[in-house]
Amino acid sequence: SGTAVANYYPALLEAHHSDINLLLLTADRPARLRRTGSNQTTDQSNIFGAFVRASFDTDKDLDLSKVLSGSGPVHVNLQFDEPLLDQDNSDWLSGIRVKTREIGKAEAIEINTDSKKSLVIVGHDRAGFSVAEIEKFASDLAAPLIAEDPLVFEGAIAHAPIVLSDEKARVALAAETVFVIGRTTLSRSINAYIQGAKKVIVIDPRTEIIDTSRTSDEIYTQIPRVKVPLDIDQSWHELWKKYEALAAIALSVLPEWSEAELATVIAEELEDDTALFISSSRPVRDFESFAVPRSGLITYANRGLAGIDGNISTALGVATQHSESYAVIGDLAFLHDISALANPTQDNLTIIVVDNDGGGIF
Ligand SMILES: Cc1ncc(C[n+]2csc(CCOP(=O)(O)OP(=O)(O)O)c2C)c(N)n1
């Protein structure tokens, strides 16, 4: 209770902005002690405000089944009164079940596009959609795909942030319609490209409840089915591949020991089914820019608000769910959460710390 509860805020904000499930259980003193000056007693009942989808303040049994089947964070503040049970061995937590979200089922909605040069750009968390459904969407559109997380999209155009940092390339590669799935938060050049696009269509369920002021030519909350022109421009994909190859040549002359090299080698060497947690800010950008696209990895990053707090903790949590896991964490982010190592560590987690004199991006 007390200030301890406020320590949930970073995780809460990440979960809110990513729209992922998080159940926050806080212990509290009985309500009658609030505002009495009682030790470590504050008002915890609505402490997480609008960032939780539901909040409960109780000293009784609760049926959480309805709220836990939705998405986003839920807070349950549990008041305990003396006498506290000193030998309560009931394992009530293991009875809590969170239903898997049913997201990404394409609505019956179908859109016609007359665009013969479409491009799909996918934000890091894919707005919750699966890789397979996004790949199918891009393939239906005959569109090249750019992914902030190239480690899960084998067919993505590599090094897109580097290619698009050149204004001439942005002009040469101008699409008729750009489909943006999720949020693109990593690369200025990709955002400049999107801003300069003739038509932008956003697909992200969070536009309904979180990013409600997001604007675009069109916005969908689910992946639509698309009807495309019969005479798609076949040279469109080849043009992107040409620029990708030019970027790869430029990158081949980088100094051997560099952050670019680190991201490239890690992306290449990790075995399939390995989990990889990547911290903000440079590490996640390095993978986006330098990694050669592949599939087979299960990637994680706190991209809800890109917090550098709690990153070791996140990686430790990830490791509990995978047999082999790695984390690439900046030195500042590592120091920020170093107390997490006081927890029991995971033998199956290897942390790679990028020692680059922390926070250079600022
Ligand atoms: C809690 C929090 N504080 C500050 C920031 C702003 N911030 C983003 S990246 C960064 C520096 C991270 O440094 P480091 O972990 O060494 O990685 P790199 O310098 O390689 O990006 C900071 C301070 C943040 N995202 N989250």
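Biologist: About how much space lies in the largest cavity?

Modeller: This is a predicted model, and in it the largest cavity holds about 60 Å³ of space. A search of the whole structure finds three cavities of 30 Å³ or more. The residues that line the largest cavity are Gly123, His124, Asp125, Glu148, Arg183, Thr185, Arg206 and Arg303. Sorted by class, this lining has five charged and three polar residues and no nonpolar ones.

The nonpolar packing can be taken next. The largest nonpolar core has 23 residues, and those with the most contacts inside it are Val120, Phe137, Leu145, Phe153 and Ile181. Two or more residues of this core come from each of strand 5 (118-122), helix 4 (131-141), strand 6 (145-147), strand 7 (177-181) and strand 8 (200-203), and helix 4 gives the most, with five residues. Val120 shows how these parts meet: leaving aside its neighbours within four places in sequence, Val120 is in contact with Phe137, Ala138, Leu141, Ala143, Pro144, Leu145, Ile146, Phe179 and Ile181. Another core, of 21 residues, lies apart from this one and includes Ala160, Tyr193, Val200 and Ala247.

Helix 4 deserves a separate description. Its buried residues are Val131, Ile134, Phe137, Ala138 and Leu141. Seen down the axis of helix 4, these buried residues fall within an arc of 130°, so they line one face of the helix. That buried set packs against strand 5, strand 6, strand 7, strand 8 and strand 10 (225-227), whereas the face of helix 4 turned away from the buried side carries the exposed residues Ala132, Lys136 and Ser139. After helix 4 comes Ala142, whose phi is positive, near 55°.

Helix 7 (residues 188-195) can be read in a similar way. Ser189, Ile190, Tyr193 and Ile194 are buried in helix 7. Around the axis they cover an arc of only 140°, which puts them on the same side of helix 7. Arg188 and Gln195, on the other side of helix 7, are exposed.

Methods:
Residues numbered from 1 in each chain as written. Predicted model: local features only at pLDDT ≥ 70, side-chain atom pairs only at ≥ 80, totals over all residues. Heavy atoms only, no water. 1 Å grid on protein atoms, 1.4 Å probe; cavity = no way out; pocket = protein on both sides within 12 Å on 5 of 7 lines; lining within 4 Å. Points joined across faces, edges and corners; volume = space filled by probe spheres on them. Nonpolar A, V, L, I, M, F, W, Y, C, P; charged D, E, K, R; others polar. Core = buried A, V, L, I, M, F, W, Y, C linked by side-chain atoms within 4.5 Å. Buried < 20%, exposed > 50% of the residue type's maximum accessible area, 1.4 Å probe, protein only. Helix = DSSP H or I, 4+ residues; strand = E, 2+ residues; numbered from the N terminus. Contact = heavy atoms within 4.5 Å. Arc of directions from axis to C-beta.
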